[in-house]
Amino acid sequence: MTKQKKKIHYAWWLLIAVSIIVGVGKNGISTAGGLFLTPVTEDLGIGMGSLTLYFSIASIVTMIFLPIAGKLMAKYDIRLILIVSVVLMAGSFAMFGFMSSVWGWYLFSIPMAVGSIFITQMAGPVLINNWFKKHNGLAIGIMVAIGGVFGAIIQPFAGNLIASEGWRFTYIALGLGVTAVIIPIVLLVIRMAPQQKGLQPLGMDEVNTNENAQQQEALTGVAASVAKKSSAFFALLSFFFIITSIASFSQHIAPFAMGVGYDIKFAGSALGAMQIGVLIGALSFGVLSDKIGAKNTAIFAMLLGLVPVGIFLMVPENPTLFTVAIGIFGFVVASLGTLGPLLTTALFGKKDYSQIYSTAAIGLAVAGIIALPGYGFIYEFTGSYTFVLYALAFMLILNALLVIAAFKGKKKLEKAGMWE
């Protein structure tokens with residue numbers, strides 16, 4: 001009698017669905033925003049700094065609404081939340097296509113930010129955590145990888161569409177397109193918990209019997225009350241602020257490329273190359289950290305970031321080198337989501353990880369609010385991104401030094417007997 005073929009667990013289908021939702025939402029709306037900056041500012045006569053303030057408004061809204069978002073996800077049907085969210089996010093993005101005043105971007109950035117919290121930030125981690133008791137890390141890696149693939153496709157497509165049909169049409173087309181893709185997937189595939197499909201989470205029957213040892217490991221580390229007063233914590237907070245400021249330049253890649261002399265089509269292709277770099281970086285940093293440690297990985301990433309900055313400063317007119325530099329920059333940008341958690345664990349352990357990380361992550365939010373319009377105003381006043389690039393080089397070196405300082409601070413904590 002032949003053995004019945006084992007069915008693919010529904011968790012894998014849900015993973016593909018949520019990867020498409022996050023990948024299309026992030027690359028069709030959030031990341032694509034930078035492509036529109038130069039066409040909009042030139043067409044409407046709006047200053048680059050003034051327009052990019054809408055990114056700051058979105059960051060502030062995100063910071064305020066995040067705690068509320070978690071409560072809403074726990075209370076209401078995930079499908080209803082995601083449908084409302086994509087309408088808010090993609091609908092607001094489409095409305096940019098009808099605007100003629102910068103106030104339109106300021107106004108619609110508010111509902112856009114609220115919707116993007118659920119689509120691009122919360123849906124993936126929450127659903128993967130619910131459905132995967134085993135292969136959790138692999139599932140997150142797959143989600144990031146699929147998102148990178150979508151980015152490599154959508155960014156060049158958006159650039160070509162702006163060139164051929166104009167920025168107004170492209171805003172509307174992307175907004176409607178993202179909505180049309182996400183809503184059917186949500187309705188057909190997404191479920192908050194395996195129990196809604198009469199299933200157990202993937203790997204539930206293979207839960208590691210060594211849970212007691214894992215729980216013991218989770219208790220080791222520095223208490224949050226002690227960590228927050230240490231030099232290591234202030235170095236980590238500064239690292240978060242600076243790496244986010246560096247990563248924020250990705251929204252200015254398209255205006256920078258067009259300022260050098262490239263067209264919008266090339267800018268879109270360059271952003272596609274950046275997404276490939278993000279994909280490779282997201283999958284590599286965890287492996288690198290296991291091999292050479294979080295400290296050395298972080299220093300390597302920061303020093304590697306000097307390569308694209310050098311190319312941008314010295315030979316930006318070479319399209320091949322420019323594209324390579326964008327790819328490397330994307331690799332470094334990927335460290336934002338990977339190195340932060342790894343460094344926090346390496347410095348302070350797992351005892352009060354969530355409290356320490358969430359407090360240090362204030363640096364992420366504040367940097368997004370300041371850096372994005374800051375770069376825009378520098379471009380607006382000077383007519384180029386040269387000063388911004390020198391600032392990026394300085395910040396990369398400073399961040400490498402901050403990592404070294406953070407681990408010196410860790411040694412002080414260990415000598416003081418603060419690790420328990």
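Colleague: Where is Ser 245 placed?

Modeller: This is a predicted model. In it, Ser 245 sits in helix H10, which spans residues 231–248.

Colleague: Is Ser 245 buried or exposed?

Modeller: Look at the relative accessible area. Buried means under 20%. Ser 245 has 3%, so this residue is buried.

Colleague: What does Ser 245 touch, not counting residues up to four places away in sequence?

Modeller: Ser 245 touches Ala 367, Ala 371, Tyr 375, Leu 392 and Met 395.

Colleague: Now Thr 38. Which helix holds Thr 38?

Modeller: Helix H2, residues 37–44. Use the cut-off again. Thr 38 counts as buried because its relative accessibility is 6%. Set aside neighbours within four places in sequence, and Thr 38 is in contact with Met 48, Pro 255 and Met 258.

Colleague: How do I read a pair of helices? Take H2 and helix H7: at what angle do they cross?

Modeller: Read the distance between axes, then the angle. H7 covers residues 167–188, and the axes of H2 and H7 come within 10 Å and cross at roughly 135 degrees. H2 is therefore oblique to H7. From H2, the contact uses Pro 39, Val 40, Asp 43 and Leu 44; from H7, it uses Trp 167, Arg 168 and Tyr 171.

Colleague: And how do the axes of helix H4 and H5 cross?

Modeller: H4 runs over residues 78–95, and its axis comes within 7 Å of the H5 axis, crossing at roughly 135 degrees. That angle is why H4 is oblique to H5. The crossing of H4 and H5 is left-handed.

Colleague: Which residues in H4 and H5 meet?

Modeller: On the H4 side they include Ile 81, Leu 82, Val 86 and Phe 93. On the H5 side they include Phe 108, Pro 111, Met 112 and Ile 119.

Colleague: What about H13 and helix H14: at what angle do they pack?

Modeller: At about 150 degrees, with their axes 8 Å apart; H14 covers residues 319–333. Over 145 counts as roughly antiparallel. So H13 is roughly antiparallel to H14. H13 passes H14 in a left-handed crossing. Val 307, Pro 308, Ile 311 and Phe 312 in H13 meet a set in H14 that includes Leu 321, Phe 322 and Ile 326.

Colleague: Next, the largest nonpolar core. Which residues touch the most other members?

Modeller: Phe 249 and Phe 348, in a core of 131 residues. Helix H5, residues 102–131, gives the most to this core, with 15 residues. Now take Phe 348 and leave aside neighbours within four places in sequence. Its contacts include Val 222, Phe 233, Leu 236, Ile 356, Leu 413 and Trp 419.

Colleague: How many residues apart in sequence are Ile 299 and Ile 404?

Modeller: Check sequence and space separately. Ile 299 and Ile 404 are 105 residues apart in sequence, yet 8.2 Å apart in space, C-alpha to C-alpha. Ile 299 is found in helix H12, residues 264–304. Its relative accessible area is 17%, so Ile 299 is buried. Not counting residues up to four places away in sequence, Ile 299 touches Ala 400, Val 403 and Ile 404.

Colleague: Where in the protein is confidence lowest, and where is it highest?

Modeller: Start with the whole chain. The protein averages a pLDDT of 84, and 93% of the residues score at least 70. Confidence is lowest in helix H8, residues 211–218, at a mean of 50. Confidence is highest in helix H13, residues 306–314, at 95.

Note on methods
Residues numbered from 1 in each chain as written. Predicted model: local features only at pLDDT ≥ 70, side-chain atom pairs only at ≥ 80, totals over all residues. Heavy atoms only, no water. pLDDT = per-residue confidence, 0-100. Helix = DSSP H or I, 4+ residues; strand = E, 2+ residues; numbered from the N terminus. Buried < 20%, exposed > 50% of the residue type's maximum accessible area, 1.4 Å probe, protein only. Contact = heavy atoms within 4.5 Å. Core = buried A, V, L, I, M, F, W, Y, C linked by side-chain atoms within 4.5 Å. Axes fitted to C-alpha atoms, helices over the stretch in contact; angles between N-to-C directions. Parallel < 35°, antiparallel > 145°, perpendicular 65-115°, else oblique. Left-handed = near helix turned anticlockwise from the far one by under 90°.
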